[in-house]
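The following paragraphs lead through one protein model, from its overall make-up to selected residues. Please keep the sequence and the coordinates at hand while reading.

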Amino acid sequence: MAQITISDLQKRYDNVEVLRHINLTIQDGEFVVLVGPSGCGKSTLLRTIAGLELATAGNIHIGTRLMNQVAPKDRDISMVFQSYALYPHMTVARNMGFSLEVQKRPKAEIDAAVNKAADILGLTALLHRRPKELSGGQRQRVAMGRAIVREPQVFLFDEPLSNLDAQLRGQMRIEIKSLHQRMRNTIVYVTHDQVEAMTLADRIVVLNHGLVQQVGTPLELYDTPANKFVASFIGSPSMNFINGTLELGDRGPVVRISPDLSLPVDPNISGLQSGKPVIYGVRPEAIVLTVDSETGALPLDVTLIEPTGLSELIHGTIAGEPVSVYSMVRSASCPGSRLWVNIDTSRMQLFDAGSQQRLLKINE
């Protein structure tokens, strides 16, 4: 295990900047997830750590060792790809132990390493099978076992669950997180799925256009996003955003979204200026259904209901602005009907309309 230190890392292909001045420290034993939309640079960053891509500028250290000119095979890492890349003619046991065979390790040592990894991953009963006899989830566990037997300082995962169905992805997330809790290896994990990022990571690195937008724990990013992009990317369903103008009155600050409708604002937000164009952000679960339109509730005109059994995701509009509401209560509504809602002002966010940076609260 080892700390990874990335200093002012840049990567360009001709005139295209893929990574821009990345500075990041991944602690020894930490599980860090790189997340962002397609083309944001997350896989390029992972491949640069692995040595599969050479940095245009900047430094990468694993432990105390500078890795810029070190070949991938000498970096003491193991990588698990989206494609399982298993040898079809070899058994599970040989697939897992093949890298040790290449190193001409003693057979007893290879068998011990394979058996240990198989026990961790629940593959002991499958060691004699070949890849074609395995399910997708089992093949991915074999790919992970192949990485484990090398006992590297760092594990790198490049969207390893993308080829699995939803149920298997859920199962594999549990297995990967349990594996990390048992082994405490340093892990860098790339995904475009923010649910994977939220459930797996000790810390998340959000990337967009080759820039780090924010680094923090899953709940830090969810509760206090640095900007509108992070707020929109982290969380499923996504945060609601409504454009408006800030007004300061005797009854407290509000955001005016139409001549006759305004949204309540947390008075603890700093830098409030009357007339300032802002983006009002509120997560679907912070909008609460109410039955009383006399209590200052807001009218929600329903356009679509997504029932899940446990909950409902209600889509509608407030003053013509699209809004989603996550409700654990069945509303018994239908498209075309009107519901009344209240907003939990302690959980709303304000973003500057120009910079799209979040306005901080007084105690932050």
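Helices (H or I, at least four residues) and strands (E, at least two) are DSSP runs, numbered from the N terminus. With that convention, Pro 237 is placed in the loop between helix 8 (228–233) and strand 11 (240–249). The model is a predicted one, in which local features need pLDDT of at least 70 and side-chain atom pairs count only at pLDDT 80 or more, while totals for chains, interfaces and linings use all residues. Residues are numbered from 1 along each chain as its sequence is written, and side-chain values use heavy atoms, with hydrogens and water left out.

The protein chain contains 8 helices and 20 strands. Taken along the principal axes, its C-alpha atoms fill a box of roughly 80 × 45 × 35 Å. Of the 364 residues in the chain, 48% are buried, where buried means under 20% relative accessible area, exposed means over 50%, and partly exposed lies in between (1.4 Å probe, protein chains only). A contact requires heavy atoms within 4.5 Å. Among contacts between residues at least 6 apart in sequence, 66% join residues at least 24 apart.

An unreviewed UniProt entry carries the annotation "domain: ABC transporter" for residues 4–234; UniProt positions are given in the numbering used here, feature names are shortened, and annotations may be inferred rather than shown by experiment. Over residues 4–234 the chain is 37% helix and 26% strand, and the end C-alpha atoms lie 24 Å apart.

The interior can be approached through its nonpolar core, a set of buried Ala, Val, Leu, Ile, Met, Phe, Trp, Tyr and Cys residues joined through side-chain atoms within 4.5 Å. The largest such core has 46 residues, and Met 96, Met 144, Tyr 189, Val 206 and Ile 234 are those with the most contacts inside it. Helix 3 (residues 107–121) supplies the largest share of this core, 7 residues. Apart from residues up to four places away in sequence, Val 206 touches Val 35, Leu 211, Val 212, Gln 213, Gln 214, Leu 221, Phe 229, Val 230 and Ile 234.

Helix 2 (residues 92–102) has as its buried residues Val 92, Asn 95, Met 96, Gly 97, Ser 99 and Leu 100. Their cover includes helix 3 and helix 4 (136–148). Two packed helices are described by the angle between their axes and the distance between the axes. For helix 2 and helix 4, the axes come within 7 Å and cross at roughly 35°; axes are lines fitted to C-alpha atoms, for helices over the stretch in contact, and angles run from 0 to 180 degrees between N-to-C directions. The crossing of helix 2 and helix 4 is right-handed, a term applied if the near helix is turned clockwise from the far one by less than a right angle, with left-handed used if anticlockwise. Here Val 92, Asn 95 and Met 96 of helix 2 meet Val 142, Gly 145 and Arg 146 of helix 4. By class, this contact has 3 nonpolar, 2 polar and 1 charged residues, with Ala, Val, Leu, Ile, Met, Phe, Trp, Tyr, Cys and Pro counted as nonpolar, Asp, Glu, Lys and Arg as charged, and the others, Gly among them, as polar.

Most residues other than glycine have a negative phi, and most peptide bonds are trans. Lys 104, which follows helix 2, has a positive phi near 60°. His 21, in strand 2 (residues 16–26), has a positive phi near 50° and is partly exposed because its relative accessibility is 45%. Arg 184, in the loop between helix 5 and strand 8 (186–191), has a positive phi of about 55°. A cis peptide bond, with omega about 5°, joins Ser 236 and Pro 237.

Leu 24 also lies in strand 2, and it counts as buried because its relative accessibility is 6%. Outside four places in sequence, Leu 24 touches Ile 4, Thr 5, Ile 6, Val 205 and Val 215. The C-alpha atoms of Leu 24 and Gly 309, 285 residues apart along the chain, are separated by 42 Å. Gln 349, in strand 20 (residues 349–352), is 68 residues from Gly 281 along the chain, and their C-alpha atoms are separated by 4.8 Å.
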